[in-house]
Amino acid sequence: MSPYLRLFRRYLREQGLPVTPQREAVADTIFTSSGHLSVEDIELALRGTGERIGKATIYRTMEILVRSGLVEEHDFGEGFKRYEHLFGQTPVHEHLICLNCHEVVEFQSPEVVRVQEETARQHGFVSTRHRLEIYGLCSKCQASGVELPDEGLTCPVELLH
Ligand SMILES: [Zn+2]
Ligand SMILES: [Zn+2]
């Protein structure tokens with residue numbers, strides 16, 4: 001069981017929300033994973049440990065976790081959200097997202113951080129955070145002959161409009 005579960009319990013109590021074994025199991029799944037999990041991934045992981053928890057409960061728990069600041073939510077343009085916990089993570093990291101196998105790779109770039117600060121300064125802005133997502137094909141998919149899906153040619157965010 002993740003040591004961070006304690007923080008989630010405390011948050012639930014502070015908010016006057018019930019601390020249920022289901023909520024704890026969902027939170028534990030995300031806290032013990034280093035990945036970027038979808039609700040479906042979480043459901044499968046729980047099933048693997050013999051827990052049967054419905055998607056609605058997982059969604060609601062993820063909403064609470066995001067509100068608590070313990071988990072970050074990502075929209076990589078796949079039509080669903082992904083979640084990662086914020087412990088032991090490098091505070092600033094960017095994402096590469098494969099449009100074929102949906103692998104998410106994290107990387108750090110002092111250069112990107114520098115550009116954020118410089119751009120903010122030029123616009124008289126004080127910046128707190130930024131988000132950079134690079135979409136394309138991972139090396140494994142390229143090696144297995146996968147071709148870039150059409151939506152890879154436009155910004156996935158633009159396709160939503
Ligand atoms: Zn791939
Ligand atoms: Zn990440």
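1. Let me start with the sheet built from β1, β3 and β2. In this predicted model, these three strands make an open sheet in the order β1-β3-β2, with antiparallel pairing. Its edges are β1 (37-38) and β2, each of which pairs on one side only.

2. Within that sheet, β2 and β3 are worth a look together. They run antiparallel and are joined by five bridges. If you want a pair to check on screen, Val 71 has His 85 in β3 as its bridge partner. The two strands form a hairpin with five residues between them, and in the turn Gly 77 has a positive phi of about 70°.

3. Glu 94 stands opposite Phe 107 in β5.

4. Now to the helix I would examine with care, α4. This helix has 14 residues, and the distance from its first C-alpha to its last is 20 Å, close to the 20 Å expected at 1.5 Å a residue. Just after α4 comes Gly 69, with a positive phi of about 80°.

5. Which residues of α4 are buried? They are Ile 58, Thr 61, Met 62 and Leu 65. Viewed down the axis of α4, these buried residues fall within an arc of 105°, so they line one face of the helix. On the face turned away from that buried side you will find the exposed residues Ala 56 and Arg 67.

6. The surroundings of α4 tie several elements together. Its buried residues pack against the helices α1 (5-14), α2 and α3 (39-48), and also against the strands β2 (71-75) and β3 (81-85).

7. The largest nonpolar core has 13 residues, and Ala 27, Ile 30 and Leu 65 touch the most other members. Both α2 (21-31) and α4 (55-68) supply at least two residues of this core, with α2 giving the most, five residues. As general background, nonpolar side chains tend to be buried together in soluble globular proteins.

8. Leu 65 is a handy residue on which to centre the view. Leaving aside residues up to four places away in sequence, Leu 65 touches Phe 8, Ala 27, Ile 30, Leu 70 and Val 71. Two of these have come up already: Ala 27 and Ile 30 are, with Leu 65, the core residues that touch the most other members.

9. Finally, the overall picture. The protein has seven helices and six strands, which run from the N terminus as α-α-β-α-α-β-β-β-β-α-β-α-α. Of the 161 residues, 16% are buried. Among contacts between residues at least 6 apart in sequence, 50% join residues at least 24 apart.

Notes:
Residues are numbered from 1 along each chain as its sequence is written. Chains are lettered from A and ligands numbered from 1 in the order in which they are written. Helices (H or I, at least four residues) and strands (E, at least two) are DSSP runs, numbered from the N terminus. A residue is buried if 20 or more other C-beta atoms lie within 10 Å of its own, exposed if 12 or fewer, and partly exposed in between; C-beta atoms are placed from the backbone. Two residues are in contact if their C-beta atoms, placed from the backbone, lie within 7 Å. A nonpolar core is a set of buried Ala, Val, Leu, Ile, Met, Phe, Trp, Tyr and Cys residues joined through C-beta atoms within 7 Å. Two strands pair if DSSP finds at least two bridges between them. The expected span of a helix is 1.5 Å times one less than its number of residues. The arc is that of the directions from the helix axis to the C-beta atoms.
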